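Keep the viewer open as you read.

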Amino acid sequence: MNPILPLYYAAPDVEAHVWPQDPDRVYLYCSNDRIDGGGMDSYQNCFSSTDLVHWEDHGVAFDARKAVTWTKVDGLPAVDAAEKDGRYYYYFTAPVDGVLMQCVASSDRPEGPFTNPVPIKGTEYPSCGDPSVLVDDDGKAYLFWGQFSLRGARLKDNMCELEEDTVDTMVLTEQQHGFHEGSSIRKRGDTYYLLYADTDRGRPTCLSYAKSKSPLGPYVKGGVIIDNVNCDIASWNNHGSMLCFHDQWYIVYHRATLGLEMGGRRVCLEPITFDENGDIAEVQMTTQGIEAPLPAGEWTEAYRACEFLFADHSSHDGEGGAFFIHFPLRGWNKNMVDCGLRNAKDNGVRTAHRIRGDVHSEYLTRFVDGDAAIYRSLLFTGKEREFVCEAASYLALTRLELRLDAADGPCIGTCEISHSGGWEDWKEYRCRVEAVSGVHALYLVARDGGEGHRLCDLKRFRFEE
């Protein structure tokens, strides 16, 4: 079920790998968002799984605060990993004499710890790095990095130096491919796929791909694999990878949460398919992820909404914020301002994070009249007759419409959520529902009951016979 990792670790920018020495285990290498929205931490954990459902936390795979000796690393963005001749390599971005460079650390274990990092000469580039790496079937390795235009080169056998005469500074470009950042490379058959955050729909919320018969190109743009544009009120980017595990391919991506551009992005999985030309069909974000549709009679945590519809876009702020101010107002940044990055507003449903002792939990908050939380998909048996939810409210009356397959789809019931005593006071609310059977997306549409106050918070729900 999405998101796939524990709530104590917000994991964007995920690279998923199956190593030849252990073909029945998937390893995840990912950034670490600070839950308070203060950027990314300088250390990163590694997770692994044998079924893509239950995940083991191996602890810190790479700690730049300790490993990097030539500079102070305040935040560690996207990384990638590779295996060659039984040795594992961890590629990351860090400043060297004030200039960002790609760097590499190594380990004899896939989960690390990765140590003894060194900068890779020739990767200087005054912008975000987001490295990706591929070791091809013939043993040759390739490194990619950059923002706005993707750079690539073949690595020497030592995995820490470039073959300088192979450097290409325009493997992908913003103008030709919509390339923003966040490359990830995979090979399927004799075709190379470069995944990246694509700006063609305005903000770089799409994970798109380009194809080539050679690792360094030329690459022809394919299409969008997944678009996380409605995962959160402040959704800005997407970054992920493709994974083949037990002959099934998946897209691994992140979704924003918490109403923050950075601060709670979480890793999700969806199965993908290829046609006879090797093109990938676009898929929707779901709650179920790689699992079967969710039984309607079991509790679903409200924060697992895969998508939101926001009632009022007109009041959202168009300011880019301090995070982007040092970039020139062109290309993707101009699109960001034109489209209106919505990370400065209090109105609109989003996830909230709560920590009590060592327990992390999340729920939905700040519904506005007309906002909808979407869950794909629920399996109804036809026997369900009642909807029950746990919610909190202060003064307001919320009418929660239960609609199928669309925000204006059939309404099978309306649950009234009244004053519970306060935002810390969770109560159970119920309503009768019409019988329905089969697999459906559930849209929970919040309507203002008339008091004009902030609407309910929602913890979880289910249907009962």
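**A strand and its hairpin**

Strand E23 (residues 350-356) has five of its seven residues buried, so the rest of the structure largely encloses it. Buried means under 20% relative accessible area, exposed means over 50%, and partly exposed lies in between (1.4 Å probe, protein chains only). Strands (E, at least two residues) and helices (H or I, at least four) are DSSP runs, numbered from the N terminus.

This is a predicted model: local features need pLDDT of at least 70, side-chain atom pairs count only at pLDDT 80 or more, and totals for chains, interfaces and linings use all residues. Residues are numbered from 1 along each chain as its sequence is written, and side-chain values use heavy atoms, with hydrogens and water left out.

E23 runs antiparallel to strand E24 (residues 359-365), and seven bridges join them. Two strands count as paired if DSSP finds at least two bridges between them. Ile-355 stands opposite His-360 in E24. The hairpin of E23 and E24 has two residues between the strands, and Gly-357 takes a positive phi near 65° there.

Now the confidence. The average pLDDT of the chain is 91, and 92% of the residues score at least 70. The pLDDT is the predictor's confidence in each residue, from 0 to 100. Over residues 313-344 it is below 50, yet this stretch has 61 contacts in the model beyond near neighbours in sequence. A contact means heavy atoms within 4.5 Å. Where pLDDT is low, the predicted coordinates should not be read in detail.

Step back to the whole chain. Three helices and 31 strands make it up. Its radius of gyration is 23 Å, close to the 23 Å that the globule rule gives for 465 residues, so the chain is as compact as a globular protein of that length. That radius is taken over C-alpha atoms, and the rule is 2.2 Å times the number of residues to the power 0.38. Along the principal axes, the C-alpha atoms fill a box of roughly 70 × 45 × 45 Å. Of the 465 residues, 59% are buried.

Two loop residues close the tour. Thr-287 sits in the loop between strand E19 (266-271) and strand E20 (294-295). It is buried, with a relative accessible area of 0%. Beyond four places in sequence, Thr-287 touches residues including Met-1, Asn-2, Cys-306 and Tyr-375.

Ser-418 lies in the loop between E28 and E29. Its relative accessible area is 35%, so Ser-418 is partly exposed. Outside four places in sequence, Ser-418 touches Ser-393, Ala-396, Leu-397 and Tyr-429. C-alpha to C-alpha, Ser-418 and Met-159 are 61 Å apart in space, and they are 259 residues apart in sequence.
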